[in-house]
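User: Could you take a close look at one part of this model for me, and then tell me about the contact between two of the chains as well? I would enjoy a connected walk-through.

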Amino acid sequence: MTTPLLVGILAGAILSGTSLLYAALGETIGERAGIVNLGLEGILLIGASVGFAVTAATGSAWWGLPAAAAAGAASNLLFGWLVVARRANQLASGLAMMFLGFGVSALVGARWVGAVIVGLPKWRPPLLGTLPWVKSSTLFHYDVLTWLALPVALLLWWVLFRTRWGLRVRAVGESPTATYAAGIDPSALQYQALAAGGALGGVAGAHLSLSLTLTWAEYMTAGRGFIAIALVIFSKWDPLRAVAGALLFGGAEALQLQLQARGVEISPFLLEMSPYVLTLVVLLAWGGSRRLAAPASLGRTFQGVQ
Amino acid sequence: MRKTLGFVAAALTVVLGLGGRAVAAEKPRLVIGAVYVGSVNDYGYNRSFHDALAQVARDLPGVKVLEAENVPESAEAERVMEGMIRQGATLLFPTSFGHQEPAFNVAKRHPKVFFEHAGGWMRGPNFGVYFGSTQTAWYPMGVAAGKMTRTKKLGFVIGMPIGFALGNVNAFQMGARSVNPEATTIVVVTGGWSDKAKEAAAANALLDQGVDVVAMHVDSPATIIQTVEARGGMSIGFQSVEANVLAPKGWITGLGFTWAPFFEDVAKDVMAGQFAPGATYRGLGKMVAVAPFGSSVPEDVRREVTAAVDKVKDGFNPFTGPVTDNEGKVQIPAGQSWGGDKMGNFSWYVEGVVGRVK
Amino acid sequence: MPEPALAAAVRRSPALRASARYLAVVLAALAVFAAVLLLAGKDPLRAYADTFRDTLADAYGFSELLVRMTPLLLAAVAVALPARLGLINVGGEGQLYMGAWLASAGALLFPRWPAWLLLPLVAMLGFAGGALWAAIPGVLRGLRLVNETIATLLLNYVAPLVVSYSIFGPWRSAESSAYPQSPAFADAARLPSFLDTRIHAGLLVSLAALLFYWLLLEKTRWGVQMRAIGGNPEAAQRLGIPVAVWIVVALAMGGGMAGLAGMGEVMGIHGRLRQGLSPGYGFTGFLIAWLAGGRAMGILLMAFLFAMITSAGDTLQITQGVPYAVVNILLAVILFIVLARRRGWAR
């Protein structure tokens with residue numbers, strides 16, 4: 001393997017992995033609080049479409065981005081109302097959110113398909129731009145979301161494991177009844193976690209439409225939401241491991257196109273399977289131990305007992 | 001709860017009873033139905049048909065156009081077309097390859113409705129096909145790319161490796177080779193006609209590997225052109241000549257479809273009751289137009305490209321044997337040439353193209 | 001004041017109560033969706049009227065409803081069957097594609113067999129394709145390695161790629177490399193259709209599958225055992241029941257049902273293997289099974305309803321300019337309403 005190919009894969013992995021990471025981080029907060037949202041795909045789509053629509057309407061992505069975050073948070077709170085207040089089955093509710101996301105995003109985005117926007121501006125630190133193999137690539141030439149991806153992951157880790165709020169959220173995920181017995185309202189914590197998680201999910205979607213493709217198309221997330229859910233399990237619900245996972249899975253997505261551009265002669269369709277198969281293989285290889293790493297009350301959801 | 005239920009039921013019954021009555025509207029002379037696989041706002045394939053039909057509606061009085069976007073290439077398309085016929089359509093334009101069989105099935109059920117399918121090959125008493133022969137038109141595009149490239153590496157993003165796309169790539173490479181003997185074209189397949197994230201990643205991958213001119217055959221060139229422009233590369237557009245606004249610096253030239261004259265002929269014939277569907281393939285100058293040159297293209301390149309365009313219009317066919325593929329096999333023997341009817345039959349890449357069909 | 005006779009009748013009969021509940025949910029969902037359409041500047045009453053007219057008042061429209069119902073019934077059973085064991089199968093999409101794929105392999109390998117031999121073979125291959133595809137997550141879940149929800153979801157994305165690879169590669173139709181599809185299947189492999197419509201024998205297969213599901217679960221020992229194991233897998237394990245085997249078998253059977261749906265689409269409608277076989281039947285099947293609470297009659301009714309709703313999507317697009325995808329909002333609203341009610345109605 002030559003340097004241009006490796007650089008290309010790394011560069012592609014970072015670009016592709018940004019929205020995967022934000023989505024996984026958002027889902028991590030929720031799952032740490034004991035709630036799994038299978039409809040993450042819908043949240044991403046809502047974020048992408050709302051972000052794009054607001055950007056096209058106002059002319060600036062700096063309006064679109066917070067709008068996407070707000071829309072994601074609101075959607076996740078709606079989901080929260082179903083599973084927390086009404087105690088609905090989490091998996092079915094998640095799928096309902098997925099359908100809702102398909103439809104709402106199509107409705108919001110319909111008016112703006114084909115609009116040309118100026119997306120999130122990209123910035124590269126001046127010194128790095130002089131290095132030869134950096135200059136001609138996309139490395140270190142990122143928008144604010146990619147630059148902040150690693151800091152946000154660190155921040156989330158710190159919040160979850162070093163603050164009292166994070167401790168309480170994790171406690172709810174382990175045992176809502178114990179939390180309640182300790183005098184803390186589990187529902188409030190779950191809503192807060194879902195709101196934060198939803199905002200991150202909205203941002204993840206917005207990265208696709210406001211930075212990566214600069215456009216909106218129905219179903220444009222193409223299953224990233226589900227890969228992100230698998231990514232959460234892969235990273236054992238730890239934000240820092242999620243960074244590595246996002247790079248890995250983002251890399252798998254980028255790999256097949258980079259290989260084609262390199263002239264490697266494998267069927268594009270077989271290559272395209274790689275992110276999903278890789279996800280399965282990774283889960284399978286390390287799956288057993290992961291089961292024990294799940295927040296206890298989350299595990300009950302997956303086994304159908306609530 | 002029971003009271004609400006009763007109220008809702010009653011309201012719905014009344015309203016449905018009232019709504020069921022059709023409201024008579026003034027009758028148009030001709031109702032045309034157009035079925036698109038994507039959105040018309042794509043600066044690309046779908047837009048070209050939409051623009052042409054809008055032109056027809058402007059030029060011919062009494063013509064009404066029904067449009068359905070994002071119609072998948074499956075049995076769903078049949079339902080959509082049936083719905084349009086029920087709304088009075090007597091001339092249907094299914095615009096995507098995959099709409100052919102559904103359209104043909106509908107055509108069998110409605111012998112008085114005419115169908116013109118873009119890019120197909122099935123024929124019937126009320127079913128015709130047409131397409132713009134883009135393949136030979138890509139030759140002058142290759143000339144432009146070959147003259148403008150500095151790295152001698154050209155890139156081509158295609159949605160799926162179907163014959164028409166492969167033919168476009170081949171003509172492009174042959175045109176480039178004719179002015180730049182070391183030029184190569186790298187092909188990346190995204191797997192779908194309209195997957196924006198993949199298109200952006202494909203464009204990035206090509207640029208990462210040293211390509212500096214990118215062409216494409218996907219439904220909408222917008223994402224690729226914008227990605228290439230942001231990284232300082234050059235692009236050659238496809239599907240709709242309007243796309244040049246997306247790349248003020250890097251645009252070289254491009255191809256677009258101009259269906260309006262053909263559509264108008266068909267519409268007029270249908271209205272006059274004398275339409276006989278056929279297989280219509282028109283090329284450069286008739287159904288395919290060359291986009292304006294970008295501001296960065298120097299005068300001598302413009303001259304050479306225009307000369308190549310004229311050559312093709314005069315009948316030059318790059319697919320004249322001997323033509324060897326990129327695995328060394330002779331695909332078109334000496335003395336033979338592939339005409340417009342064989343443009344869908346490509347299953348190989350010409351030499352100089354980096355890529356595998358399967 | 002004496003109770004109205006109708007209300008009393010409804011109160012006394014569980015079947016009528018259930019029907020009244022279904023009806024209430026649907027009407028409420030239609031009201032919410034109408035509000036959404038109004039907000040989008042469209043005419044919901046016109047849309048609903050057009051839909052009713054296009055589907056119920058029209059022979060072609062009604063036949064199309066049945067065509068749509070065919071794969072939906074099977075997709076619902078694909079979810080409902082493993083659900084009795086507490087398993088969540090959201091892989092209907094992928095299982096459908098693999099059923100279509102394997103059935104196509106049979107049709108392409110043995111084009112000269114007579115129909116009475118080829119049709120059953122193709123049907124069995126369709127079942128097998130879906131069953132094997134679902135068995136993978138089954139084994140993974142049985143071995144306690146990967147949750148089947150995730151596994152079936154991920155495999156949904158791999159299956160269509162297997163189909164694409166095949167039709168662009170080894171099964172590429174020679175008559176036109178311009179369009180990706182397999183060669184046309186021999187007539188002997190095609191499911192017969194009825195009455196000059198697109199309704200095909202697959203509908204009979206679907207109804208038979210539904211009947212089989214009902215019989216299995218209500219009338220056999222296994223059905224009872226499934227529910228018991230699903231309720232308390234740990235206890236079952238301790239009693240020596242090979243829960244892992246049950247898991248694999250249940251998922252495989254469910255997957256096989258979805259595979260039959262794929263076989264039906266390919267042998268009954270398309271006549272070739274091509275891309276885009278399923279506009280989300282797998283997920284819609286999940287919704288149907290869930291709303292019906294796994295009850296066979298409910299599945300039949302809900303499949304009919306959903307066939308109408310998806311029909312509404314087409315109508316909405318042509319007459320009101322609303323993207324078809326918006327119909328997903330209606331599906332979501334229905335599910336929301338059911339989920340938001342107090343528990344104890346549907347699982």
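**A buried serine, then an interface**

Ser235(A) is buried, with a relative accessible area of 1%, and because the cut-off for buried is under 20%, this residue meets it. Please keep in mind that the model is predicted. As for its place in the fold, Ser235(A) sits in the loop between helix H10 (224-234) and helix H11 (239-261) of chain A. The side chain of Ser235(A) reaches back to the backbone oxygen of Val232(A), at 3.1 Å.

Now to the contact between the chains. Chain C contributes 43 residues and chain A contributes 48 residues. Together they bury about 4100 Å², with carbon and sulfur atoms giving 79% of that area. On the side of chain C that touches chain A, at least two residues come from each of helix H6 (115-142), helix H7 (148-168), helix H12 (281-291) and helix H14 (327-340) of chain C. H7(C) supplies the largest share of that side, 13 residues. By residue class, the side of chain C that touches chain A divides into 32 nonpolar, 5 polar and 6 charged.

What about specific polar links? Across the interface of chain C and chain A, the rule finds 0 salt bridges. For polar contact, the rule finds 2 residue pairs across this interface, both at pLDDT 80 or more.

Methods
Residues are numbered from 1 along each chain as its sequence is written. Chains are lettered from A and ligands numbered from 1 in the order in which they are written. This is a predicted model: local features need pLDDT of at least 70, side-chain atom pairs count only at pLDDT 80 or more; totals for chains, interfaces and linings use all residues. Side-chain values use heavy atoms; hydrogens and water are left out. Contact means heavy atoms within 4.5 Å. Buried area is the accessible area (1.4 Å probe) that two parts lose on being put together, summed over both. A salt bridge is a side-chain nitrogen of Lys or Arg within 4 Å of a carboxyl oxygen of Asp or Glu. A polar contact is a pair of N or O atoms within 3.5 Å; within protein, one must be able to donate a hydrogen and the other to accept it, and residues adjacent in sequence count only if both atoms are side-chain atoms. Helices (H or I, at least four residues) and strands (E, at least two) are DSSP runs, numbered from the N terminus. Ala, Val, Leu, Ile, Met, Phe, Trp, Tyr, Cys and Pro count as nonpolar, Asp, Glu, Lys and Arg as charged, and the others, Gly among them, as polar. Buried means under 20% relative accessible area, exposed over 50%, partly exposed in between (1.4 Å probe, protein chains only).
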